Amino acid sequence: MAPPSASKTNNTMDQLVIFTVLMILGYVFGRLAETRHFQSIRKRERRLRNVLIFSSRFCPPDRVPEQTLLVTGSVVISIDYFKRFIASLRNLFGGPVTAYESLLERARREAILRMKEAAKAQGADMIINVKMATAPISQGVYSSMGCVEVLAYGTALVR
């Protein structure tokens, strides 16, 4: 029979190996999902590039719309466990939390695409007064960010 200290050492090593394997799997599958989502976003952006968006509050002077509509696009995107772990480490040591940057970029671009799709479905080819609202959705004991919600909205101009 092994001494108790050897058993604890083996148990700790086993837990460290399991933790490392899970982190690697989280990184690989999180990266794969993120890459696929970015590919989908780029493809849809090319398809909707003729729906123009502007932050200006006013219609262009040469444009008289037949109808104006409020269009929105919203999305909630969750952060993967690997990025959450890296962000927790970054919060512990300080500095910018870059693990969330791609999450926010994906969410913003997806919300804009959904808004453009809503405008195109109504027959619009231009959206003015575009605004965006971002809200973190916290979870857990320490209120770590679990998801982010982005809402994009604007006034669609229908010819």
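Guide: Happy to, and keep in mind that this is a predicted model. Let's begin with L22, which is exposed, with a relative accessible area of 52%.

Visitor: Why is L22 called exposed?

Guide: Exposed means over 50% relative accessible area. L22 has 52%, so it gets that label. You'll find L22 in helix α1, and it belongs to a nonpolar surface patch of about 930 Å². Among the other members of that patch are V17, I18, Y27 and F29.

Visitor: Which residues make up the positive surface patch?

Guide: That one is formed by R42, K43, R46 and R49. Lys and Arg count as positive, so the patch is called positive. R42 lies in helix α1, which covers residues 4-47.

Visitor: How do you know that the chain is more spread out than a compact globule?

Guide: First, the parts: the chain has three helices and four strands, and from the N terminus on they run α-β-β-α-α-β-β. The radius of gyration is 23 Å, while the globule rule gives 15 Å for 159 residues; the value is well over the rule, so the chain is more spread out than a compact globule. Its C-alpha atoms fill a box of roughly 85 × 30 × 20 Å along the principal axes. Buried residues make up 30% of the 159 residues.

Visitor: What makes E117 and R44 a salt bridge?

Guide: The test is a side-chain nitrogen of Lys or Arg within 4 Å of a carboxyl oxygen of Asp or Glu. The closest N and O atoms of E117 and R44 are 3.3 Å apart, so the pair passes. E117 lies in helix α3 (residues 101-121) and R44 in helix α1, so this pair ties together parts that are 73 residues apart in sequence.

Visitor: Are those two residues buried or partly exposed?

Guide: One of each! R44 has 14% relative accessibility, under the 20% cut-off, so R44 counts as buried. E117 has 29%, so E117 counts as partly exposed.

Visitor: How many salt bridges does the structure hold?

Guide: The structure holds 10. One of them joins E117 and R47, at 3.6 Å from N to O. E117 lies in helix α3 and R47 in helix α1, so this pair ties together parts that are 70 residues apart in sequence. Another is between R114 and E110, at 3.0 Å. R114 and E110 both lie in helix α3, four residues apart, about one turn of the helix. Salt bridges that share partners join R44, R47, E110, R114 and E117 into one network.

Visitor: Why is E110 called buried?

Guide: E110 has 5% relative accessibility, which is under 20%, so it counts as buried.

Visitor: What is the phi of N129?

Guide: It is near 55°, a positive value in a residue other than glycine. Most residues other than glycine have a negative phi. N129 is in strand β3, and with a relative accessible area of 23% it is partly exposed.

Key: Residues are numbered from 1 along each chain as its sequence is written. This is a predicted model: local features need pLDDT of at least 70, side-chain atom pairs count only at pLDDT 80 or more; totals for chains, interfaces and linings use all residues. Side-chain values use heavy atoms; hydrogens and water are left out. Patches are made of residues with over 30% relative accessible area and no salt bridge: like charges are joined within 9 Å, nonpolar side chains (Val, Leu, Ile, Met, Phe, Trp, Tyr) within 5 Å. Accessible areas come from the Shrake-Rupley method with a 1.4 Å probe; for residues, only the protein chains shown count as cover. The place of a charge is taken as NZ of Lys, CZ of Arg, CG of Asp or CD of Glu. Helices (H or I, at least four residues) and strands (E, at least two) are DSSP runs, numbered from the N terminus. The radius of gyration is taken over C-alpha atoms; the globule rule is 2.2 Å times the number of residues to the power 0.38. Buried means under 20% relative accessible area, exposed over 50%, partly exposed in between (1.4 Å probe, protein chains only).
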